[in-house]
Amino acid sequence: MKVVIIMGSKSDVDYASKIAEKLKEFGVNVVMRVASAHKTPLKVLEIIKEYENEDVVFVTVAGRSNALSGFVDANTTKPVIAAPPYSDKFGGVDIFSSIRMPSGVAPMLVMEAENVALATVKILSLKYTELKRKISEYQERKKMEVEKADEEVMKWEV
């Protein structure tokens, strides 16, 4: 089981690393690569081909004009999660290039590094059932965070 994170450029490494860190917390192997659908499409195809016969989920990290997610999805039978980093520079409008895809091209869009990792692990848990326990533990921790916050807020005087 493996997650292959393909970044459109080296500038995406910080965001992709956050995803990778969360995946490693679940015990998932991660490979990070850089290839551009616009500038190096043949390299993207080589990367897909390299991992196509393995149990992988591809995560694509590309901002601005995100052709990478659709390109990867159109050329693999494996799940693809589009995980574009948010940019204040464009006021979030660049997300549209990750949302609208042509027919027959269906990368899933997930925002926020932690959520990308969780979605990826849920996909992998369909085959690797040991991940289901880790997902349940993660969800329980999240519930406890809310309960603890509620207890702390209840103590505030209004």
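**A walk through the fold**

Let's start with the parts list: this protein has six helices and five strands. Both are DSSP runs numbered from the N terminus, with helices (H or I) needing at least four residues and strands (E) at least two. You're looking at a predicted model, where local features need pLDDT of at least 70, side-chain atom pairs count only at pLDDT 80 or more, and totals for chains, interfaces and linings use all residues. Residues are numbered from 1 along each chain as its sequence is written, and side-chain values use heavy atoms, leaving out hydrogens and water.

Follow the chain along and you'll read the pattern β-α-β-α-β-α-β-α-β-α-α. The C-alpha trace spans about 60 × 40 × 30 Å along its principal axes.

Now find the sheet. Strands of a sheet pair through backbone hydrogen bonds, either parallel or antiparallel. Here, five strands form an open sheet in the order β2-β1-β3-β4-β5, with parallel pairing; two strands count as paired if DSSP finds at least two bridges between them. At the edges sit β2 (29-34) and β5 (108-109), each pairing on one side only. Strand β4 (residues 80-82) joins β5 over two bridges, and Ala82 stands opposite Leu109 in β5.

Next, look for rings. Those of Phe, Tyr and Trp (its six-membered ring) pair if their centres lie within 6.5 Å; planes under 30 degrees apart are stacked, over 60 edge-to-face, and the rest tilted. That rule gives one aromatic pair. The ring centres of Phe26 and Tyr138 are 5.6 Å apart and their planes are at 50°, so the pair is tilted. Phe26 lies in the loop between α1 (13-25) and β2, and Tyr138 in helix α6, so the pair ties together parts 112 residues apart in sequence.
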